[in-house]
Amino acid sequence: MAITYDYGQMQTRIADELGGRSDLLTPTSGMNASPIQLAIQAAIAFYTSDRFYFNELRQASAFTTVLNQEFYTSSDWAQIPYLWHIDKLSILVSSNRYYMVGRTPQYMEDISINPNNNGVPIDYCYYNSQIRLYPIPNGAYPVNFLGTKQFTELSATSDTNAWMTDGEQLIRTTAEWYLMRDTLK
């Protein structure tokens, strides 16, 4: 069973485990965050690109394409800005699932020269927190997602996410290591 902490509780525990160093809970001059907050954020950033069971996401009908809409953003599916890695995108056409081909943004720029060329999308790319489809959809098709995601950044002491629960020990011990290496020496 995972231990559940919020951001503030993790900060307090780290200060306690470092010998009651409550001074590390206060931002130093010129900084908006305390050394402990900075260490926690650095630990999360270090592991964000790694795959864990708690950052995997499989979402059926994540969003639905719109006639003549090429780009999809958070207004189409709230998770789009937080996607870290797309393993597969599939599209549902007449009750059949078809997997689209992941392409580079450069490829999509080169191939999508005619904005009137539409059809059932077969290619996609992820760039600038947007999913781009080609050909431009000629109708409404449910899009399924399989991959990994990021979590929203912790800021308030009551904030929590999977890094504070399932990844708690990993983030806490890595943050303590950063503090020992960079702050306490």
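Modeller: In this predicted model, helix α1 passes helix α4 in a right-handed crossing (the near helix is turned clockwise from the far one by less than a right angle). α1 covers residues 7-17 and α4 residues 168-184, helices being DSSP runs of H or I of at least four residues and strands runs of E of at least two, numbered from the N terminus. Their axes come within 10 Å and cross at roughly 50° (lines fitted to C-alpha atoms, for helices over the stretch in contact, with angles from 0 to 180 degrees between N-to-C directions). That makes α1 oblique to α4 (under 35 degrees is roughly parallel, over 145 roughly antiparallel, 65 to 115 roughly perpendicular, the rest oblique). On the α1 side the contact (heavy atoms within 4.5 Å) is made by M10, R13, I14 and E17; α4 brings E168, I171, R172, A175, E176 and L179. Sorted by class, this contact of α1 with α4 has five nonpolar, no polar and five charged residues (Ala, Val, Leu, Ile, Met, Phe, Trp, Tyr, Cys and Pro count as nonpolar, Asp, Glu, Lys and Arg as charged, the others, Gly among them, as polar).

α1 also packs on helix α2, residues 35-47, at an angle of about 110° and with the axes 10 Å apart. The two helices, α1 and α2, are therefore roughly perpendicular to each other. This crossing of α1 and α2 is right-handed too. Y7, M10, Q11, I14 and A15 of α1 meet I36, Q37, I40 and Q41 of α2. The classes here are six nonpolar, three polar and no charged residues.

As for the rest of the chain, the protein has four helices and ten strands. Along the sequence they follow the pattern α-α-β-β-β-β-β-α-β-β-β-β-β-α. The radius of gyration is 21 Å, well over the 16 Å that the globule rule gives for 185 residues, so the protein is more spread out than a compact globule (the radius is taken over C-alpha atoms, and the rule is 2.2 Å times the number of residues to the power 0.38). The C-alpha trace spans about 65 × 35 × 25 Å along its principal axes.

Four of the strands form an open sheet in the order β1-β10-β3-β4, paired antiparallel (pairing needs at least two DSSP bridges). β1 (56-64) and β4 (96-99) are the edge strands with a single partner each, so one side of each has no neighbour in the sheet. From one strand to the next, the twist averages 30°. Within this sheet, β3 (residues 83-93) and β10 (residues 142-149) run antiparallel and are joined by seven bridges, and I86 stands opposite G147 in β10.

Strand β7 (residues 123-127) runs parallel to β5 (residues 101-102), with two bridges between them; G102 has Y124 of β7 as its bridge partner. β7 also pairs with β8 (residues 130-134), in the antiparallel sense and over five bridges, with D123 opposite Y134 in β8. β7 and β8 form a hairpin with two residues between them. N128 in that turn has a positive phi of about 55°.

Residues are numbered from 1 along each chain as its sequence is written. Local features need pLDDT of at least 70, side-chain atom pairs count only at pLDDT 80 or more, totals for chains, interfaces and linings use all residues, and side-chain values use heavy atoms, with hydrogens and water left out.
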